[in-house]
Structures are given as C-alpha cells and as structure tokens.
Amino acid sequence: MESSSLPSLAATENWPVPTAAAAVVRADGTVAGSRGPTGRRFPLASVTKPLAAYAVLVAYEEGAIDLDEPAGPEGATVRHLLAHTSGLAFDENRVQAAPGTRRIYSNTGFEVLGDLVAKATDIPFADYLHQAVLAPLGMTSTTLEGSPAKDAVSTVDDLVRFAAEVQAPRLLDARTVLDAMTVAYPGLTGILPGYGHQRPNDWGLGFEIRGAKSPHWTGTTSSPRTFGHFGQSGTFLWIDPDVRAACVVLTDRAFGPWAIEAWTPFTDAVLADLRR
C-alpha cells in the first residue's frame, strides 16, 4: 500500500527511526495516502488503549457491563477508568486521588477494565477484543499479547480499518462513539506523559482529546476536537473530525525528543495536504 497522493507522508523517510509506516484514511474509508511497510507488525504500546476501550464500549452496548457501574477503587466507575479519573496510579494498584478529581493517566485502570469485561462475559479480554472489534473489522494482523493498556501488536493497514470504523461506526452506535470523543469530567488537570502538566488535561472514554493542550503530539493546526492516542513505542493515531480524516503512524523507535520534534510539523503538513 504505497501512495504519493499526500506528499507530506514522505517526511517519515527522513525521521531518525529504523522503520516507519504511515497512512491517512478519510471518514468515508478511502485511504488518502500511505508510506512505508503498512503490512508490517509493530508493538503499539499505549495505542492499544483505544482498541481496548472500543471493546469495553461494545461490552457496554451488549449489556454485559454498564458505564456507571462500580469498578476499580471505591467510588469509581467504568467511566472513570476509561477517562483516567479513577484515582488509580500509573502502573500500580494504588489510589492517588478520589475518583473524578484528577486526571491520572493509568495503565492499571485499563487492566482493571480488561478484568471486568473478562469476568462479565466469561471470555478472556484478548479473545473478547478479537471477537468484538478485530475480527469484525478484518484486523487479521492485530493481537493483544498481554495488558489491555499497552500490549497490542498491529499494522498500519489494520489501524486504518479501526480509524475508518471510529469515523463511521458500524460496531457501535454513533452516539456511543460521540460520547467517547467528548470530554469526560471537564476541567480536570493532570500530566500528559511526555508533554508535562496540562490545564485542563482533556480525555474522552479511552481517547485523549487535544483541546487547547500545549505542547502536544498532534499539530499546531489540529482542531481542538482532534482525539486519539500515542504510544511509547513511537506510535500514534489521531482523528480530526474537522478535516474528516485520521492518521496512523507506527515506528520501531521508542518515543523521545525525536518524536516531539518530528510529529507536530508532520501533522501540520498532513493537515495542509488534506485542506488543499
């Protein structure tokens, strides 16, 4: 899947990474452009979370769980866990704040969600994710190999299918997806990993929302409604409803200063191409 219809994607070839693959998919499911080995499997790191969240939302629509049922620390719900406001610490089962008071980015919270869905459905979460999301979308190269917070492996081709689904939902009611891309518990502050303290630190349900965050991993010209996720393995997926398109980039170099330097101008160039 190689395309030059979006010249901006060529920039990935100059990044200081061994391998990069990228694609842009429009809201109607057409691929506007792609670059690199889009069929190669890369560890997603935290780009796993939107996939896991989508499966949790399927479980909600199926009636297996409820978004407002108790889950995690006392006083917290499924909704709190999805929105990183349960109070759970980043990577340990320790409560750092009362539910709904701070945005504490938590891998542990997503592991609690995975356990909850597995118990409610009597299906291991990796299998549930496969049955509820991956198989119906034809994401045949994607697997969850551990934590629902960070251990999926996928390809650009597969994530293009997911990004097309989120923009024009078939597996979920469009109102549920709108809920997921709308700020949950507005006004909360917190740290955006890699980018420091944000006031406010907006999140939806499983998706980070750009809002007015600065600095940020998306573009300076990205709309405030842009939502998605990035991963410490040098990966990201954003969806910008204002340009009706999504961008997926997977690399095999861990997130760091190179990514902070490269990603924002890259996204601005992609958006400029899309707006032409």
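**Close-up 1. Strands S8 and S9 pair in the antiparallel sense.** Strand S8 (residues 208-209) is joined to S9 by 2 bridges. Two strands count as paired if DSSP finds at least two bridges between them. Strands (E, at least two residues) and helices (H or I, at least four) are DSSP runs, numbered from the N terminus. Glu 208 has Gly 228 of S9 as its bridge partner. This is a predicted model, in which local features need pLDDT of at least 70 and side-chain atom pairs count only at pLDDT 80 or more, while totals for chains, interfaces and linings use all residues. Residues are numbered from 1 along each chain as its sequence is written, and side-chain values use heavy atoms, with hydrogens and water left out.

**Close-up 2. Strand S9 is mostly covered.** Buried means under 20% relative accessible area, exposed over 50%, and partly exposed in between (1.4 Å probe, protein chains only). In a regular strand, side chains alternate between the two faces of the sheet. Which residues of S9 point one way, and which the other way? Phe 227, His 229 and Gly 231 point one way. Gly 228 and Phe 230 point the other way. All of these are buried.

**Close-up 3. S9 and S10 form a hairpin.** There are 3 residues between the two strands. In the turn, Gly 234 has a positive phi of about 85°. Strand S10 covers residues 235-240 and pairs with S9 in the antiparallel sense over 5 bridges. Thr 235 in S10 stands opposite Gly 231.

**Close-up 4. Ala 212 sits in the loop between S8 and S9.** Is Ala 212 buried or exposed? Ala 212 is exposed, because its relative accessible area is 74%. Thr 143 is 69 residues from Ala 212 along the chain, and the two C-alpha atoms are separated by 33 Å.

**Close-up 5. An open sheet of 6 strands has the order S2-S1-S11-S10-S9-S8.** The pairing is antiparallel. Strand S2 (31-35) and S8 stand at the edges. Each has a single partner strand, so one side of each is left without a neighbour in the sheet. S10 and strand S11 (residues 245-251) are joined by 5 bridges and run antiparallel. Here Ile 239 has Ala 246 of S11 as its bridge partner.

**Close-up 6. Strand S1 pairs with S11 and with S2.** Of the 7 residues of S1, 6 are buried. The pairing of S1 with S11 is antiparallel and runs over 7 bridges. Ala 21 stands opposite Leu 250 in S11. S1 and S2 also run antiparallel, joined by 4 bridges. Val 24 stands opposite Gly 33 in S2. The hairpin of S1 and S2 has 4 residues between the strands, and Gly 29 there takes a positive phi near 90°.

**Close-up 7. Helices H5 and H7 lie across strands of the sheet.** H5 (residues 156-167) lies across S1 (20-26), S2, S9, S10 and S11. H5 runs at about 25° to S1. H7 (residues 257-275) lies across S1, S2, S9, S10 and S11. H7 runs at about 35° to S10. Contact means heavy atoms within 4.5 Å. Axes are lines fitted to C-alpha atoms, for helices over the stretch in contact, and angles run from 0 to 180 degrees between N-to-C directions.

**Close-up 8. Helix H1 meets helix H3.** H1 (residues 48-61) is mostly covered, with 12 of its 14 residues buried. Gly 63 follows H1 and has a positive phi, near 90°. The axes of H1 and H3 (residues 107-121) come within 11 Å and cross at roughly 35°. On the H1 side, Lys 49, Ala 52, Ala 53, Val 56 and Ala 59 take part. Their counterparts in H3 are Asn 107, Phe 110, Leu 113 and Val 117. The residues of this contact divide into 7 nonpolar, 1 polar and 1 charged. Ala, Val, Leu, Ile, Met, Phe, Trp, Tyr, Cys and Pro count as nonpolar, Asp, Glu, Lys and Arg as charged, and the others, Gly among them, as polar.

**Close-up 9. An open sheet of 3 strands has the order S3-S5-S4.** The pairing is antiparallel. Strand S3 (42-43) and strand S4 (143-144) stand at the edges. S3 and strand S5 (residues 152-154) are joined by 2 bridges. Pro 43 has Val 153 of S5 as its bridge partner.
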